[in-house]
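Dear colleague,

I am passing on the structure below, and after it I set out what was found. Please read the notes with the structure open beside them.

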Amino acid sequence: MSAVTVVILAAGRGTRMRSATPKLAHDLCGRPLLAWPLEAARAAGAARVVVVVGPDDGLAEAIGARPTAAPADPAPAPPAPPGAPARGEGVELVVQREPLGTADAVASAAALIDRDGVVIVLAGDVPLVEAELLRALGEAHQASGAAATMVTTLLGDPRGYGRVVRDGDGAFVRVVETKVVGDASEAELAIAEVNTGIYAFDGAALLDALGAVGADNAQGERYLPEVLAILRARGALVATLAASDPAVVLGVNDRVGLAAVRVEAQRRIQERHMLAGVTIVQPATTAIDVTVEIGEDSVIEPCTQLLGATRVGRGATVGPHSTLVDALLGERVSVVHSHLVRCEVRDGASVGPFAYLRPDALLREDSKVGTFVEVKNSDIGAGSKVPHLSYIGDTDLGEHSNLGAGSITANYDGTSKHRTTIGARVHGGVDTSFVAPVTVGDDAWTAAGTVVTGDVPPGALAVARARQRNVERYAERRGER
Ligand code: UD1
Ligand code: MG
């Protein structure tokens, strides 16, 4: 694949999504749809990857490439003329001014297609295509000496796909489109072999045939598969490659299609983790983004989502009913019925049930954040525990301290946030409030119900509450006894 250019077609309207977001910017398991074929092209080792986008459709930003309108480099380069490529993160973008069809989309990338090279073209809305298939296509194409090779597959329900028409000898004749009524005959609609929208071409053959593609069809568009019929009519060899896995063609044209593709993408992601030693107790209720890493012997319990840049170490248990977004978990961590966002939980620590870890919460080794506890922007020391009903925000808690039930840090005075600093081996009594900024020394204690407004020296007991007074014979005086 080292000499192969991959062109991904991503312009077009995507109207059936009924969305303000361009179709290929919609999320599929942690990556925009367009990033999927892009990753496959990169993994296959393509020499260059070209993406055809629509004008100002926001897709360049969605895949982290620079928008075409911007100058290619901050260095003094002349402004790019319309249609010229802009480079971003190894991807070259070209703009198709108007969605006039898949052949027109390829034509807008003509300046980047090498006449002497091989070019693989694929649709951006077929996200489950894999590097292996692209490599196999490149190899089969070069081995056969064909001018073009199209990947086909057999579908039980081929509705909407282009059908592959063959002659009496089984040789390829043409592709007939079926998306709208008018292009295909009844007999052609009965064909189960479909065009997957993935092709390899000899650069020169493709470029020379593109100009001959007309728009005399039911959609008034210039269809890319017509290039194959043109090449055949000119006496060139057109080959096909059968894909055994029909999932490669699962296309996303509306949100029903997106859901179907997501089921298949999840199946693949989860299978990869299971084969690598992760137990997933109930795959159907588990969602794991493609970007997530999980260590061996970890167990993912039902109704759990692992999202974004989440990383789980070895031997951890996550779930049931937990959501982790960009969370970093060490080894042997336990998370039960909890919600974690942009936080770190180190080896042996435990979270929940019913905990909420917010951005920049750090739970050090063997610490515990328990039931109905919220932690934000705080460092919980090794072996320390916040077991019940607490809010810990903007706090540094030392090692082996224990904060009682109902511990609250008053970190916000209505204008600014302040930090609470609590030392090592501190015993916080139940219902202690820490009014920040405040510092509690090592080995200190707080009495139950204390509101700590001043610093507590090391080893001291802070008591800050009204003394109890008993009114004797109170009930008798009320005449109740
Ligand atoms: C296309 C094929 C069909 C094949 C199917 C496989 C054509 C005419 N038909 O149909 O034979 O079975 O894919 O999924 O090619 N695009 C552009 N510019 C345009 C039009 C489309 O960039 O002007 C892009 C779209 O963003 C999309 C891809 O090309 O990613 C395919 O276009 P789409 O309209 O979805 O074609 P299909 O009807 O699916
Ligand atoms: Mg499509």
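**Domains, ligand and backbone**

The C-alpha centres of domain 1 and domain 3 lie 62 Å apart. The protein is divided into domain 1 (4-249), domain 2 (276-359) and domain 3 (364-481), with bounds that come from an automatic or database domain assignment.

This is a predicted model, in which local features need pLDDT of at least 70 and side-chain atom pairs count only at pLDDT 80 or more, while totals for chains, interfaces and linings use all residues. Residues are numbered from 1 along each chain as its sequence is written, chains are lettered from A and ligands numbered from 1 in the order in which they are written, and side-chain values use heavy atoms, with hydrogens and water left out.

Around ligand 1 there are 25 residues, of which the closest are A11, Q96, G101, T102 and N195; a residue counts here if one of its heavy atoms lies within 4 Å of the ligand. Among the polar contacts (pairs of N or O atoms within 3.5 Å), a nitrogen atom of ligand 1 is 2.7 Å from an N or O atom in the side chain of Q96, and an oxygen atom of the ligand is 2.8 Å from a polar backbone atom of G101. An oxygen atom of ligand 1 is also 2.7 Å from an N or O atom in the side chain of T102. The protein covers 92% of the 750 Å² of accessible area that ligand 1 has on its own, as computed by the Shrake-Rupley method with a 1.4 Å probe. The largest contribution to the shell comes from β11, with 3 residues, where strands are DSSP runs of E with at least two residues and helices are runs of H or I with at least four, numbered from the N terminus.

The structure holds 22 salt bridges, each a side-chain nitrogen of Lys or Arg within 4 Å of a carboxyl oxygen of Asp or Glu. One of them joins R268 to E130, with the closest N and O atoms 2.8 Å apart. Because R268 lies in helix α8 (residues 255-275) and E130 in the loop between β7 (118-123) and α4 (131-144), this pair ties together parts that are 138 residues apart in sequence.

Finally, the backbone: most residues other than glycine have a negative phi, and most peptide bonds are trans. The bond from G319 to P320 is cis, with omega near 5°, and the bond from A436 to P437 is cis, with omega near 0°. F372, in strand β28, has a positive phi of about 55°.

With best wishes

Definitions and conventions
Polar contact = N/O pair within 3.5 Å; in protein donor to acceptor, adjacent residues only side chain to side chain.
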